[in-house]
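Student: Could we work through this model together, taking helix packing and a few individual residues in turn?

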Amino acid sequence: MEERQLVKRLKNRDEAAFTHLVRLHKVRVFNVCLRMMCNRSEAEDIAQDVFVRAFMSIGSFRGDSALNTWLYRIAINLCK
């Protein structure tokens, strides 16, 4: 699925699109969190929260960057 189409579906609150988003990015988001937190349990919790927050705030995603860049920024901010 093309990123633009995925974002559009996410903005329409499509649960299948959310599942697709998580499958595409869960490993990388978790790895970012693990590198920053150095604790697997905390990294898992934060990575889960990244996707919840992304889904809740997808309306504010303007598309100025790639979707994965936006997700990583959310992860970094949550880890801080």
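Tutor: What follows is a set of questions and answers on this structure, which is a predicted model.

Student: Which residues of helix 1 take part in the contact with helix 2?

Tutor: On the side of helix 2, the contact involves Ala16, Ala17, Phe18, His20, Leu21 and Leu24. By class, the residues of this contact divide into seven nonpolar, one polar and one charged. The partners in helix 1 are Leu6, Arg9 and Leu10.

Student: Is the crossing of helix 2 and helix 3 left-handed or right-handed?

Tutor: The axes of helix 2 and helix 3 come within 8 Å and cross at roughly 140°, and the two helices are therefore oblique to each other. Whereas helix 1 passes helix 2 in a left-handed crossing, the crossing in which helix 2 passes helix 3 is right-handed.

Student: How many nonpolar residues does the contact of helix 2 with helix 3 have?

Tutor: The residues from helix 2 include Phe18, Leu21, Val22 and His25, and they meet residues of helix 3 including Ile46, Ala47, Val50 and Phe51. By class, the contact has one polar residue and four charged ones, and the number of nonpolar residues is 14.

Student: Is His25 buried or exposed?

Tutor: His25 has its place in helix 2. Leaving aside neighbours within four places in sequence, its contacts are Phe51, Asn68, Leu71 and Tyr72. The relative accessible area of His25 is 9%, and since buried means under 20%, His25 counts as buried.

Student: What distance separates the C-alpha atoms of Leu67 and Glu3?

Tutor: Leu67 is found in helix 4, residues 67–79, and counts as buried at 1% relative accessibility. Not counting residues up to four places away in sequence, Leu67 touches Glu3, Leu6, Val7, Leu10, Leu21, Ile58 and Phe61. Although Leu67 and Glu3 are 64 residues apart along the chain, their C-alpha atoms are separated by 7.4 Å.

Student: Is the aromatic pair of Phe61 and Trp70 stacked, edge-to-face or tilted?

Tutor: The count comes to two aromatic pairs. In the pair formed by Phe61 and Trp70, the distance is 5.1 Å centre to centre, with 55° between the planes. Both of these residues are buried. Planes under 30 degrees apart would count as stacked and those over 60 as edge-to-face, so an angle of 55° makes the pair tilted.

Student: What is the accessibility class of Arg13, and what is that of Cys38?

Tutor: Arg13 lies in the loop between helix 1 and helix 2 and has a positive phi of about 65° although it is not a glycine. Cys38, in the loop between helix 2 and helix 3, also has a positive phi, near 55°. At 42% relative accessibility Arg13 counts as partly exposed, whereas Cys38, at 67%, counts as exposed.

How values were computed: Residues numbered from 1 in each chain as written. Predicted model: local features only at pLDDT ≥ 70, side-chain atom pairs only at ≥ 80, totals over all residues. Heavy atoms only, no water. Left-handed = near helix turned anticlockwise from the far one by under 90°. Helix = DSSP H or I, 4+ residues; strand = E, 2+ residues; numbered from the N terminus. Contact = heavy atoms within 4.5 Å. Nonpolar A, V, L, I, M, F, W, Y, C, P; charged D, E, K, R; others polar. Phe/Tyr/Trp six-rings, centres within 6.5 Å; stacked < 30°, edge-to-face > 60°. Buried < 20%, exposed > 50% of the residue type's maximum accessible area, 1.4 Å probe, protein only. Axes fitted to C-alpha atoms, helices over the stretch in contact; angles between N-to-C directions. Parallel < 35°, antiparallel > 145°, perpendicular 65-115°, else oblique.
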